[in-house]
Amino acid sequence: MQQQNLSLYLNGFGVLELRQQTGQSNDLIDAVNYYYNRSKFPQFMGQHLPQVTLVKINRWQNQLDQQVQLIQTLTKGIV
């Protein structure tokens with residue numbers, strides 16, 4: 001997701017970070033633990049990007065779910 005120089009990043013611990021690129025800086029705007037707060041993702045995004053439709057947010061959530069599943073699969077292989 002790129003909008004208004006914003007990007008979403010899901011790290012290996014399941015924390016979803018909303019960052020803003022300003023010049024050479026990549027500042028953290030907000031973060032949420034996606035593993036434990038998946039149901040709050042639409043509110044989290046709506047708070048920061050009220051102009052984005054729920055359809056778009058749902059697409060992002062589906063993509064994040066796939067990434068989380070991949071992270072969990074890879075993590076189980078390591079442990």
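**Note on the predicted model**

1. Among contacts in the protein (a contact meaning heavy atoms within 4.5 Å) between residues at least 6 apart in sequence, 30% join residues at least 24 apart. This is a predicted model, in which local features need pLDDT of at least 70 and side-chain atom pairs count only at pLDDT 80 or more, while totals for chains, interfaces and linings use all residues. Residues are numbered from 1 along each chain as its sequence is written, and side-chain values use heavy atoms, with hydrogens and water left out.

2. The protein has two helices and four strands, where helices (H or I, at least four residues) and strands (E, at least two) are DSSP runs numbered from the N terminus. Read along the sequence, these elements follow the pattern β-β-β-β-α-α, and the C-alpha trace spans about 40 × 30 × 15 Å along its principal axes.

3. Strand β3 (residues 15-22) and strand β4 (residues 25-33) pair in the antiparallel sense over eight bridges, pairing being assigned if DSSP finds at least two bridges between two strands. Within this pair, Leu 18 stands opposite Asp 30 in β4. The two strands, β3 and β4, form a hairpin with two residues between them, and Gly 23 in the turn has a positive phi of about 65°.

4. Of the 79 residues of the protein, 27% count as buried, a term that means under 20% relative accessible area, with exposed meaning over 50% and partly exposed in between (1.4 Å probe, protein chains only). The accessible surface of the protein, computed by the Shrake-Rupley method with a 1.4 Å probe, comes to about 5,500 Å², of which 51% belongs to carbon and sulfur atoms.

5. Which residues of helix α1 (residues 41-48) are buried? They are Phe 41, Phe 44 and Met 45. Seen down the axis of α1, the buried residues fall within an arc of 90°, so they line one face of the helix; the arc is that of the directions from the helix axis to the C-beta atoms. An α-helix has 3.6 residues a turn, so residues three or four places apart point the same way. On the other side of α1, Gln 43 and Gln 47 are exposed.

6. Gln 61 lies in helix α2 (residues 54-78), and this residue counts as buried because its relative accessibility is 7%. Not counting residues up to four places away in sequence, Gln 61 touches Tyr 34, Arg 38, Phe 41 and Pro 42; of these, Phe 41 is itself one of the buried residues of α1.
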